[in-house]
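Work through the exercises below with the sequence and the structure at hand. Each task is followed by a solution in steps.

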Amino acid sequence: MDGKRTGPQGGARVRLHSQEFVYSHAYAKSLSTVATDGTQTYIERGLDSDGNVVETHKQVSFYSADMERNEQYTKENGQWVGIDKYERRTVSEPQFDLLGIQDPKANSDEYFHPVEDDDEDTNNIPFDHMSKQWAWKDGQWVISSQNGTEYEMIDANTLRSTSIIYSESKPDEDEYYYHDETTVITKKRDDSHHLTEMSTVHDVKMQYGDYTQQDARYETIHKYSYNAAGLLTSETTEEYATVRNDGSTRAKSADRAATGTRVLRSSQAIKYYYSDIDVVNAISSASADAARAAFAVSGRTVTMVGDKAANGTAISLYALDGSVVATSADGSVTAPKAGVYVATCGSLRCKIVVR
């Protein structure tokens, strides 16, 4: 805008005023979308040297009560290239109740009255996590590490858990390494919730550089059987090893020689037998029924009373592991110390508590 103003003296003064737009800055608005499943995608955009709108960075994320996932990308030559990907899931262990396996040789009344063992054999830790980390390789995501446990109900009485420890070097790391350990535990129960079988399979593969440290599988199988009263009648344990190369391993040298062969390393089988037992404590001869045999306990002395006592029938005391601790031919025997014993007289067997 130009202007001229004339004063009283007739002179002129000109003031020049100039205005124009000067480039300040430019920006491109970032984009954000949410999919129907809750996945959020955020794309950062900018301007290149020619003023064109270009995408520079992308983040894909998902969050829920039991899942967290995050992916990061950058744009290279018009293509998205992965930077980082991570996932963490909450895993719930199915409820799988088991009755405790009690020791038939235990010096305790508890074995003869099986009860559910809530402390050791039922699930006390209901939640676990599975974490995964990915690396970008050859234009796609590949798992670089994984840690956690998965659970699967094979059927109503079979529960399987798979625990994984896995890690592998990323493409940009100098030295190659590979570590893969998988432990699979399978529990089987009968309809009364007695544990009938538990197998553990441990697979391990390790490699550092060109040297393989370990490549083997170890298995342990426990099997249990019970009678109609729910008492343990047998238990077997078998251990196997399978070594798939001649590298260093924790397995015995004899096992290493059988490369790739499943070798039985140890086995054990135990059977238990039971007879009827009547619990009799501190019965005196005055109160005993003369028509039947019974045992009287006075201090550490166990005596036959009733009809067989008059015949001086032999009596023996057994510890609960089956060993004979005392015997007598005159119907009276003394226990070596306080404890729980099984007294026998002919076909009669009786559990005795000596205090």
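Strands are DSSP runs of E, at least two residues long, and they are numbered from the N terminus. The model used here is a predicted one.

**Exercise 1.** State how many helices and strands the protein has, and what percentage of its residues count as buried.

**Exercise 2.** Locate E173 relative to the strands, and decide whether E173 is buried, partly exposed or exposed.

Solution. Step one: the strands on either side are β10 (158-168) and β11 (177-189), and E173 sits in the loop between β10 and β11. Step two: the relative accessible area of E173 is 34%. Step three: buried means under 20% and exposed means over 50%, with partly exposed in between. Step four: E173 is therefore partly exposed.

**Exercise 3.** Name the residues that form a negative surface patch with E173.

Solution. Step one: Asp and Glu count as negative. Step two: D172, D174 and E175 form a negative surface patch together with E173.

**Exercise 4.** Find the strand that holds V81, then list the residues that V81 touches, leaving out those up to four places away in sequence.

Solution. Step one: V81 belongs to strand β7, which covers residues 79-92. Step two: with that exclusion, V81 touches Q72, Y73, T74, E76 and W136. Step three: take W136 from this list; V81 and W136 are 55 residues apart along the chain, and their C-alpha atoms are separated by 7.5 Å.

Definitions and conventions
Residues numbered from 1 in each chain as written. Predicted model: local features only at pLDDT ≥ 70, side-chain atom pairs only at ≥ 80, totals over all residues. Heavy atoms only, no water. Patch = residues over 30% accessible without salt bridge, like charges linked within 9 Å, V, L, I, M, F, W, Y side chains within 5 Å. Areas by Shrake-Rupley, 256 points an atom, 1.4 Å probe, with all protein chains shown as cover. Salt bridge = Lys/Arg side-chain N within 4 Å of Asp/Glu carboxyl O. Charge placed at Lys NZ, Arg CZ, Asp CG, Glu CD. Buried < 20%, exposed > 50% of the residue type's maximum accessible area, 1.4 Å probe, protein only. Contact = heavy atoms within 4.5 Å.
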